[in-house]
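Open the model in a viewer and keep the selection panel at hand. The stops below say what to select and what is found there.

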Amino acid sequence: MSSNQDLIARIQAALQERRIAAWLFYGFFDLDPLAYRILRFPDRVHASRRWFYLVPSSGQPRKLVHRIESGQLDHLPGEKGVYLRWHELQQGLQQLLHGVSQVAMQYSPENAIPYLSRVDAGTVESVRRLSVEVVSSGDLVQIFEAVWTEDQLNQHRQTAHHLTEIVQAAFGHVKDRLAHGEPMTELQIQGYILRRFEELELEAEHPPIVGLNEHSGNPHYAPSPETDRPVRPGDFLLIDLWAKPRSPSAVYADITWTGFFGDRPPDRLTQVFGVVRAARDRGVQFLGDRLAGNQPTAGWEVDDAVRAVVEEAGYGSAFVHRTGHNISRELHGNGVNFDNLETRDTRQVLPGVACTIEPGVYLEDFGVRSEINVFIGKDSVEVTTPPQQQLLLLS
């Protein structure tokens, strides 16, 4: 229980810092996996009845559980209320929130950030009916889900080193095979990368993206037996790979590199690569300037800064995804995204979180993306993955 007392103390400190009165957690089956993880539920939890857990900014937490599952929150401190009938649930919720004017919940106004919206509209209505203001827990979730430990940062740096070696070796291996008249296909290149993952005991949620020519113009292209093709001289290749060690606390690294199999790439390809590289580097500069000036920064602002470079070059309509996503134990983590396209991410870029910066330009005959990872320090930004500075030329 002592470790969970420490957890409550951390939650209360975060609430006090942000001047939020309380954090209200709600569970029913697996609607909100964030709540189960933050509150350190056992791995195999069965919540077939609704429960609530209120952590005020000061004082003791309060619980509300169903009689059939009355032990659901016993691993956490706080006084317990028990309900059986549905109208007792309503009464119990009123008692739970007595004296509380505001709560944070896993809620996003108008579902603007769907990664965060885990509480159903009816439950939010029930809380508001009791004259309690509901605010988003977005930045609170980041603290407990997306901020890395020093060990995680060091592990990520090592994984980034492995991925960079693997992607460069993959391009080199394809070049050697092509020189010997044995061209590799997209699926074979993908298989080569996955074998290297096995050797290094790395795992990934999905196989890497390996796209030739117009296939690279699809940001989420997945090679298949129906679309698979071999590399030929004069081809352009994009490889996007991500992985982490096989450990519950391990975090991902995620990079994208591109190369041309020949000495003289088309001028347009070289020009687009330059635009993408400049946009990527603008993102790093923007973050660095903001951190050095101690200026609060929202995720959408980073996206705007990067996207402006692509738009000024005339390729704005071909940049069809957000600038970057949070990285944590999941490839797409629960922290801030650099996004003002798919969503308007108003969450703050907090110290201790990591994200990708990966602008892309996707045309009919090819697509260029350059992806790096950045770790946010207190007053500076660290690029943790070596950035590709030039298009690889594999003659």
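Begin with helix 8 and helix 9, whose crossing is right-handed (the near helix is turned clockwise from the far one by less than a right angle). This is a predicted model, where local features need pLDDT of at least 70, side-chain atom pairs count only at pLDDT 80 or more, and totals for chains, interfaces and linings use all residues. Residues are numbered from 1 along each chain as its sequence is written, and side-chain values use heavy atoms, without hydrogens and water.

Select residues 267–292 for helix 8 and 299–312 for helix 9; their axes come within 8 Å and cross at roughly 145 degrees. Axes are lines fitted to C-alpha atoms, for helices over the stretch in contact, with angles from 0 to 180 degrees between N-to-C directions. Helices (H or I, at least four residues) and strands (E, at least two) are DSSP runs, numbered from the N terminus.

Next, show side chains in the contact (heavy atoms within 4.5 Å). From helix 8, the residues include Val-275, Ala-278, Phe-286 and Leu-287; from helix 9, they include Val-302, Ala-305 and Val-309. By class, this contact has 10 nonpolar, one polar and three charged residues. Ala, Val, Leu, Ile, Met, Phe, Trp, Tyr, Cys and Pro count as nonpolar, Asp, Glu, Lys and Arg as charged, and the others, Gly among them, as polar.

An open sheet has four strands in the order 11-12-15-16, with antiparallel pairing (at least two DSSP bridges between two strands). Strand 11 (326–327) and strand 16 (381–383) are at the edges with a single partner strand each, so one side of each has no neighbour in the sheet. Zoom in on strand 11 and strand 12 (residues 354–357), joined by two bridges; Ile-327 is opposite Ala-354 there.

A pocket is an open set of points on a 1 Å grid over the protein atoms alone where a 1.4 Å probe fits, with protein on both sides within 12 Å along at least five of seven lines; lining residues have an atom within 4 Å of a point. Select Arg-37, Ile-38, Phe-144, Glu-145 and Arg-329, the closest to its centre of the 21 lining residues.
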